[in-house]
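Please look at the structure below and see how its chains meet. A short report follows.

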Protein chains: 4
Amino acid sequence: MIIVLKPEAPADSAERLLRKIEDAGLKPLHMPGAERVVLGALGDERVLAELALDGDPAVESVKPILAPYKLVSRELQAHDTVVDVGGVSIGGDRLAVIAGPCAVESPEQLHETAAAVKAAGATLLRAGAYKPRTSPYGFAGHGIEGLKVLREVGDDLGLPIVTEVMDTADVAHVAEAADCLQIGARNMQNYALLRAVGAAGRPVLLKRGLSATIQEWLLAAEYLMAAGNPNVILCERGIRTFEPATRNTLDLNAVPYVKGKTHLPVVVDPSHGTGARDLVPAMSLAAVAAGADGLMIEVHRDPSRAWSDGAQSLYPAQFEQLMGSIGAVAAAVGRQL
Amino acid sequence: MIIVLKPEAPADSAERLLRKIEDAGLKPLHMPGAERVVLGALGDERVLAELALDGDPAVESVKPILAPYKLVSRELQAHDTVVDVGGVSIGGDRLAVIAGPCAVESPEQLHETAAAVKAAGATLLRAGAYKPRTSPYGFAGHGIEGLKVLREVGDDLGLPIVTEVMDTADVAHVAEAADCLQIGARNMQNYALLRAVGAAGRPVLLKRGLSATIQEWLLAAEYLMAAGNPNVILCERGIRTFEPATRNTLDLNAVPYVKGKTHLPVVVDPSHGTGARDLVPAMSLAAVAAGADGLMIEVHRDPSRAWSDGAQSLYPAQFEQLMGSIGAVAAAVGRQL
Amino acid sequence: MIIVLKPEAPADSAERLLRKIEDAGLKPLHMPGAERVVLGALGDERVLAELALDGDPAVESVKPILAPYKLVSRELQAHDTVVDVGGVSIGGDRLAVIAGPCAVESPEQLHETAAAVKAAGATLLRAGAYKPRTSPYGFAGHGIEGLKVLREVGDDLGLPIVTEVMDTADVAHVAEAADCLQIGARNMQNYALLRAVGAAGRPVLLKRGLSATIQEWLLAAEYLMAAGNPNVILCERGIRTFEPATRNTLDLNAVPYVKGKTHLPVVVDPSHGTGARDLVPAMSLAAVAAGADGLMIEVHRDPSRAWSDGAQSLYPAQFEQLMGSIGAVAAAVGRQL
Amino acid sequence: MIIVLKPEAPADSAERLLRKIEDAGLKPLHMPGAERVVLGALGDERVLAELALDGDPAVESVKPILAPYKLVSRELQAHDTVVDVGGVSIGGDRLAVIAGPCAVESPEQLHETAAAVKAAGATLLRAGAYKPRTSPYGFAGHGIEGLKVLREVGDDLGLPIVTEVMDTADVAHVAEAADCLQIGARNMQNYALLRAVGAAGRPVLLKRGLSATIQEWLLAAEYLMAAGNPNVILCERGIRTFEPATRNTLDLNAVPYVKGKTHLPVVVDPSHGTGARDLVPAMSLAAVAAGADGLMIEVHRDPSRAWSDGAQSLYPAQFEQLMGSIGAVAAAVGRQL
């Protein structure tokens with residue numbers, strides 16, 4: 001339920017109504033705006049109706065939130081959320097470019113790659129210390145040692161860190177080392193993890209599941225916000241379809257669609273979305289033209305020797321060239337790098 | 001098989017070898033280039049091997065075409081095909097914009113809409129006289145009367161016509177009225193139709209089937225070329241996936257992928273690719289950024305009264321505004337309207 | 001609209017009302033039952049409403065047909081349709097088994113295979129004279145010569161023939177040679193073909209399209225019935241999904257679901273539904289247990305030499321063994337071979 | 001690598017070779033058979049090659065395991081695994097029927113439903129204490145209290161318990177209360193959970209992910225076995241496709257396919273596989289006919305009042321009737337209840 005207060009409502013109206021909502025066992029929300037004060041109430045619809053808030057003298061209007069997701073909905077918050085990740089804004093006019101290797105392999109590999117992407121204009125560093133692998137015999141990441149390397153390289157170069165967490169047991173120490181916690185596609189509906197990460201006090205990048213509908217994706221974001229975390233970044237990374245030519249089918253329809261439904265920023269990962277280095281530049285530009293707030297791109301100092309995802313990682317020189325093209329397309333749609 | 005002749009080969013070598021290929025029951029192809037003469041031979045691989053063309057003194061090299069499609073393959077023709085549709089080029093630096101209503105409803109409706117899209121910068125007119133409808137009780141188009149209206153409006157405004165043909169029995173009169181024949185998504189593997197349209201002497205716009213792999217799509221194009229038609233335009237229009245939020249999932253990955261595999265031009269239809277008017281502008285820009293050679297967009301003078309596809313048709317004013325944005329993104333990727 | 005007459009309605013009521021429906025420009029349907037006379041009226045809902053049939057003294061009740069398909073709906077006809085194909089019933093207690101090779105290759109190949117499947121208990125013969133092939137360079141069938149061979153072998157062995165037609169131009173001569181015309185998966189939404197086959201006066205076997213929803217499939221059947229053909233057999237043959245292990249995903253959910261929605265018989269094709277010989281027996285039994293009215297199975301005298309679909313064709317000895325198992329499962333679910 | 005010893009090899013050969021494998025840093029496996037001793041070695045292929053085991057006098061043959069999964073593969077173990085869950089065998093001639101409500105709602109609800117399914121012939125009890133819910137506002141299960149109720153009801157009725165675990169932090173106490181731990185579809189690639197459950201010393205029922213390929217599913221099972229758990233039961237529960245008529249598409253092709261690739265037992269969940277009560281009986285029979293080793297069926301004492309999954313839960317009387325039909329089909333394919 002969204003409650004809009006009258007302009008002339010007494011100054012203590014918001015506080016009074018929020019208490020009333022809370023006393024009824026519902027979740028109260030306060031959204032002071034420039035022109036109007038808007039309150040929210042989440043919970044059992046029947047209890048909400050019994051409060052009869054539309055009869056309150058301070059209330060101008062009451063309307064239900066039609067979407068199954070509430071906190072993430074544009075119905076509840078009309079303006080865009082801008083998430084601050086270690087000093088870098090995601091969601092405003094300036095596009096965020098998160099780049100780096102699939103995995104932390106060694107301090108040298110990470111540092112060299114990170115320095116290259118920074119020089120080319122990337123503003124955040126990505127790399128995995130915990131890697132989800134289809135086979136139990138694959139390289140699963142360096143874990144805590146990898147986190148240390150990430151932190152050191154990030155600090156040295158002044159790049160905020162985005163890295164994946166896969167287990168509730170690891171949330172605390174990943175949150176200590178990273179500026180932004182990533183929930184991977186395979187864990188988008190790992191609800192225990194969503195709750196733990198939602199409570200960890202760090203911005204979160206939430207990848208869309210391989211076969212998650214947009215509604216399921218936004219409900220996963222709702223888990224994070226309902227656990228107390230307003231700093232959620234959505235990441236489209238390709239869905240699973242019948243087409244075998246590409247690793248996944250990057251669903252760019254989702255970008256303008258989701259931006260209509262939610263106030264949260266949306267970034268696009270063309271590396272996983274295509275699985276093929278040659279397609280990454282074109283799809284990066286397409287994502288920006290479609291309205292994405294940022295990109296997440298795999299780059300490796302030498303993709304031919306990458307321990308994982310080599311086929312979809314750009315060479316540093318390709319990334320540098322791509323950044324120039326991104327700048328041009330961004331300008332054409334009223335954004336900037 | 002691709003046969004490259006030596007620079008110093010006698011002038012009659014090509015003719016001699018083509019005759020040899022034909023005499024063996026194979027299909028000969030002649031592709032004179034600026035620097036080298038290239039021949040092709042299609043058919044039974046064992047017969048090809050017996051010809052031992054690599055031993056011929058005029059031949060520099062012989063290599064197989066690895067893809068299952070041959071004539072459409074970039075292996076056989078490295079440079080881009082540019083298709084001329086009634087004087088408008090599709091496939092070069094200049095983007096083609098094909099716009100118009102879903103169906104011919106009345107002379108006035110078509111003329112008013114066509115005049116509006118022309119004024120906004122569209123260079124070709126689309127509208128259906130034969131409409132594939134999921135239900136037998138839906139409006140299936142005005143048929144021959146619709147074709148007449150299309151021709152008159154096209155002539156009056158100087159816009160070449162693109163329209164769908166659905167039955168081998170209709171190919172002759174659609175080819176008479178239209179500048180370009182469209183094969184719809186549902187008929188992409190209607191092989192009798194592909195053969196008939198391939199022989200009709202008109203350029204063809206081949207839509208990708210709802211669940212066609214890219215390889216199947218290129219093989220459908222191969223049917224058209226094998227029937228003698230070199231003027232084939234591919235059209236990505238969204239694929240069927242599990243996602244219910246949009247009518248289809250526009251597969252923009254396919255644009256750079258297909259342009260790597262074939263020399264044929266690729267246009268994108270964001271109207272069917274999304275099914276939602278609000279998503280068409282963003283996805284039009286994304287398609288251009290991804291490298292499409294053109295767009296096919298549904299516009300209606302009054303979408304709220306359209307007999308079909310109203311929800312995905314732009315208002316003329318929206319289309320006009322979109323054309324401005326398309327021009328900006330086109331320029332950013334080195335193309336123009 | 002379904003109109004149920006009162007038991008005591010005068011004898012000429014049906015005739016009178018049907019004339020009234022027809023005069024209003026609607027399609028009248030007559031369905032005399034053992035206990036009640038039921039009429040149908042198809043067409044513009046507003047015209048139907050104006051007739052005010054529920055006020056007629058002979059009418060007990062009037063209710064709309066909710067499904068988008070009408071003639072195929074169980075709402076309109078509650079009892080099962082049984083289709084007679086050359087003297088063999090499809091849709092009753094006895095399961096129909098349609099078997100034979102993918103294509104007519106030679107008179108000997110067809111005769112030997114047909115004799116084997118008949119000896120094992122198959123009651124109808126399948127084989128293609130017109131073959132839809134993904135590549136224009138594949139074997140596309142012997143055409144009219146193939147039809148002659150089919151007719152001769154069918155007559156010789158007393159097996160009714162089921163064979164595919166792909167082009168409106170071929171409908172007349174396929175209808176002359178075959179007892180049942182098959183619409184293939186790729187042509188399920190080839191509406192010109194549906195209309196032509198619907199008017200051809202032969203039973204039709206309608207395969208589900210590769211990515212057709214059940215509703216689209218039933219609407220394709222509606223095309224056939226609306227064109228005047230009440231003898232429609234539905235055939236589930238696998239849908240396209242993300243799973244690469246099998247050629248298609250046989251959707252057996254569709255069997256009980258469709259049988260709840262329509263009165264038409266449903267057969268299952270486990271050969272295309274799996275694409276793998278080893279899986280055909282298990283899925284044949286599963287189809288029978290799920291309630292299918294019959295099976296369509298590819299058998300070849302020597303699958304290792306089949307010109308097409310060899311990997312999914314059974315050896316005659318395997319088919320014979322399978323028929324024994326089918327009989328046992330059929331009996332367990334109250335059916336018989 | 002699979003190493004088959006010669007029949008005449010000295011008695012200590014297996015031990016000697018296993019030590020050699022282990023000393024090289026590889027994982028040794030011992031599979032004594034009735035006729036031959038077979039050893040396995042998993043790990044780096046190059047190290048394996050260096051051991052040159054095929055030159056050892058006790059070794060008859062050495063062959064690689066071609067599949068990416070090893071321990072679960074039939075290449076490594078030809079005979080079927082039979083898993084003992086609280087005294088009930090899953091994987092042998094006798095079909096296992098796991099039945100019960102979606103969730104533990106109250107002691108009475110669980111006891112009444114459990115008593116009903118037991119009376120009808122079910123041999124194991126299912127019900128969730130931890131429920132994955134798409135929305136954070138849905139009922140997520142009673143947790144530890146629910147586990148207690150489950151244990152009590154199971155003990156009272158003599159039914160082993162199968163219940164889901166969703167978080168590594170809960171594995172210990174779920175393993176204490178339940179006879180078999182279920183990994184749900186959404187967690188099939190939650191690798192931290194797979195490792196923890198693999199080490200918990202309880203049989204595991206591993207549901208196939210919504211869009212997991214069969215290979216990914218078997219690799220998830222490999223995680224469990226690689227963590228030391230040989231008692232893995234696979235559960236097909238429907239995949240996500242484009243078809244909206246049913247909640248999921250039950251992929252019965254997977255049953256015979258998977259049983260060809262692995263020695264592990266496979267059960268089928270037609271409740272989630274269809275999402276519709278009316279389709280559950282037909283698909284239960286189809287699953288048995290396809291070769292499933294068991295069924296997992298949702299039953300509720302009053303589905304109209306179920307807190308979750310009511311639409312797909314059977315009434316106790318329906319379940320009782322279904323059990324009779326299952327027995328008949330089981331007998332037809334050489335199995336029994």
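## Polar links between the chains

Chain B and chain A share 8 residue pairs in polar contact, both residues at pLDDT 80 or more. A polar contact is a pair of N or O atoms within 3.5 Å; within protein, one must be able to donate a hydrogen and the other to accept it, and residues adjacent in sequence count only if both atoms are side-chain atoms.

There are also 2 salt bridges between chain B and chain A. Such a bridge puts a side-chain nitrogen of Lys or Arg within 4 Å of a carboxyl oxygen of Asp or Glu. The side chains of A:Glu243 and B:Arg208 form a salt bridge at 2.7 Å, N to O.

## Contact and buried area

In chain B, 35 residues touch 35 residues of chain A, with contact meaning heavy atoms within 4.5 Å. The area buried between the two chains is about 2,600 Å². This is the accessible area (1.4 Å probe) that two parts lose on being put together, summed over both. Carbon and sulfur atoms give 73% of the buried area.

## The barrel in chain A

In chain A, 8 strands close into a barrel with parallel pairing, in the order β7-β8-β9-β10-β11-β12-β13-β14. Strands are DSSP runs (E, at least two residues), numbered from the N terminus, and two of them pair if DSSP finds at least two bridges between them. Strands β8 and β9 of chain A are joined by 2 bridges. A:Arg126 stands opposite A:Val162 in β9(A).

## About the model

This is a predicted model: local features need pLDDT of at least 70, side-chain atom pairs count only at pLDDT 80 or more, and totals for chains, interfaces and linings use all residues. Residues are numbered from 1 along each chain as its sequence is written, chains are lettered from A and ligands numbered from 1 in the order in which they are written, and side-chain values use heavy atoms, with hydrogens and water left out.

Key:
Helix = DSSP H or I, 4+ residues; strand = E, 2+ residues; numbered from the N terminus.
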